[in-house]
Structures are given as structure tokens and as C-alpha cells.
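Let's take a friendly walk through a protein model, one piece at a time. Keep the sequence and the 3D view open as you read.

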Amino acid sequence: MENIYHQGGNWNKEKFLAELSKGHKQEEIVRDKFVAEGFDVILPDSRKAKDNFIDTGDLFINIGTKQLVFEIKSSQIEFNCIEDYPYDDVMFEMVENWQKKEHKDSITAYITISQKTGFAFVVPCSLKDKWYIQTKRDSKRNYTKKFWFIKKRYLATFDDLVEFLKQKEIKWLKEKQNNL
């Protein structure tokens with residue numbers, strides 16, 4: 001099995017697990033936001049694995065017979081709305097990590113939540129044609145890698161995502177009623 005803890009620089013298992021723990025707290029906040037909106041949400045048990053970590057997706061929402069997959073990203077940047085986000089180019093995933101995801105074609109969206117404010121914005125995977133790659137230095141982990149980016153103007157709000165999902169749920173319920 002590949003060593004997921006060492007991605008170059010000064011990154012190691014302890015630092016990886018510390019960041020993973022922070023990420024789990026943010027996943028729980030996002031889960032709670034979805035639950036408050038009435039969605040059936042699942043955080044997989046595999047996210048709690050300390051060794052042999054398996055990335056199957058961070059959060060799942062059941063709508064009808066479909067299970068939608070979401071990736072949750074936590075940011076130390078303070079922002080209260082999309083317009084507040086200080087960069088026009090929004091980084092949301094390391095390319096090599098994305099390439100390893102067996103579920104990458106099933107992801108509905110990436111949700112980035114500010115650790116400081118709790119505001120979340122959404123990178124819809126339906127806009128993959130708007131994604132682009134840039135090489136950036138990560139000073140925290142002490143390495144240079146390729147990352148996926150999208151322009152800020154293509155982001156959606158969490159409320160936009162909730163509305164989209166509720167419309168999917170309504171459509172499924174209508175189809176179900178028509179088949180009775």
C-alpha cells in the first residue's frame with residue numbers, strides 16, 4: 001500500500017492525522033448544515049481510520065435511490081461570502097490526490113468551508129470544463145505540487161447547493177408518485 005502520509009517536504013503521519021482531524025470537524029459542521037435542511041446524510045466510517053486510510057468520499061446524501069458524493073475541504077482563510085474570498089483563482093484539490101480517487105467521476109461537488117467563519121462555498125463538478133491546473137508551493141507542508149483551481153465567479157453558495165438538492169428530491173418524489 002502506498003504511503004499516504006508522506007507527500008514530500010516535512011509532511012509526516014502525525015501532521016497528516018492532525019490535519020485529518022481538523023477536516024473531520026469541518027465535515028461534521030457541513031453534515032449538520034445538511035441535516036438541518038432535512039437531508040439524509042452519511043459520513044463514512046472509513047474517514048475515522050487511522051491507518052490504511054481509504055478515501056471513498058467525505059460525505060454522502062441519499063436522494064431517492066441515488067447517493068450523491070461530496071468532498072469537503074477545510075480552509076484557514078476567513079470569508080463570509082464568495083465575494084469575501086480574497087483570491088480570484090480558487091484552489092480546491094491536489095491533482096495527484098484527485099487522480100487517485102476511484103470515485104472521482106461520482107463526485108457531485110467540492111464544498112470548501114472556512115474554519116474561521118463556517119461559511120461554505122461549492123465547486124460544482126458539473127463545471128469541470130472550467131477547472132484548470134496550476135503549480136503552487138504549499139509552505140505548510142513544504143512542497144510544490146499541481147492543484148485544481150476554478151475562477152471564483154463559478155462558485156456556488158451552500159444555499160444554492162441546498163436548493164439544487166431539494167429540487168432533485170422534489171423531482172424524485174414526483175417520479176415516484178407517478179409510478180404508483
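## Starting from one arginine

Leaving aside its neighbours within four places in sequence, R31 is in contact with V41, L43 and L59, where contact means heavy atoms within 4.5 Å. This is a predicted model, in which local features need pLDDT of at least 70 and side-chain atom pairs count only at pLDDT 80 or more, while totals for chains, interfaces and linings use all residues. Residues are numbered from 1 along each chain as its sequence is written, and side-chain values use heavy atoms, with hydrogens and water left out.

R31 lies in helix 1, which covers residues 13-36. Helices (H or I, at least four residues) and strands (E, at least two) are DSSP runs, numbered from the N terminus. Follow the chain from R31 to L59 and you pass along 28 residues in sequence, yet the two are 7.4 Å apart in space, C-alpha to C-alpha. R31 counts as partly exposed because its relative accessibility is 27%. Buried means under 20% relative accessible area, exposed over 50%, and partly exposed in between (1.4 Å probe, protein chains only).

## The whole chain

Now zoom out. The protein has three helices and nine strands, and from the N terminus on they follow the order α-β-β-β-β-α-β-β-β-β-β-α. Of its 180 residues, 41% count as buried. Among contacts between residues at least 6 apart in sequence, 61% join residues at least 24 apart.

## Two open sheets

Strands of a sheet pair through backbone hydrogen bonds, either parallel or antiparallel. Here two strands are said to pair if DSSP finds at least two bridges between them.

Another open sheet has three strands in the order 4-8-7, with antiparallel pairing. At its edges are strand 4 (89-94) and strand 7 (132-138), each of which pairs on one side only. From one strand to the next, the twist averages 50°; axes are lines fitted to C-alpha atoms, for helices over the stretch in contact, and angles run from 0 to 180 degrees between N-to-C directions.

| Strand pair | Bridges | Opposite residues |
|---|---|---|
| Strand 4 and strand 8 (residues 143-151) | five | M94 and F147 |
| Strand 5 and strand 6 (residues 120-124) | five | Y110 and V123 |
| Strand 6 and strand 9 | two | F121 and T157 |

## A covered strand and its partner

Is strand 6 mostly covered or uncovered? Strand 6 is mostly covered, with five of its five residues buried. Both faces share in this: A120, V122 and P124 are buried on one side, and F121 and V123 on the other.

Strand 5 and strand 6 form a hairpin with five residues between them, and G118 in the turn has a positive phi of about 80°. In strand 5 (residues 107-114) you will find T112. T112 counts as buried because its relative accessibility is 5%. Leaving aside neighbours within four places in sequence, T112 is in contact with K73, S75, F79, F119, A120 and F121.

## A pocket to look into

Rolling a probe the size of a water molecule over the atoms shows where empty space is left. On a 1 Å grid over the protein atoms alone, a pocket is an open set of points where a 1.4 Å probe fits, with protein on both sides within 12 Å along at least five of seven lines, and lining residues have an atom within 4 Å of a point.

The second largest pocket holds about 150 Å³ of space. Grid points are joined across faces, edges and corners, and the volume is the space filled by probe spheres set on the points. Which residues line the second largest pocket? They are I63, T65, K66, L68, K168, K171, W172 and E175. Strand 3 (66-75) and helix 3 (158-178) are the elements that give two or more residues to this lining. Helix 3 gives the most, with four residues.

The lining divides into three nonpolar, one polar and four charged residues. Ala, Val, Leu, Ile, Met, Phe, Trp, Tyr, Cys and Pro count as nonpolar, Asp, Glu, Lys and Arg as charged, and the others, Gly among them, as polar.
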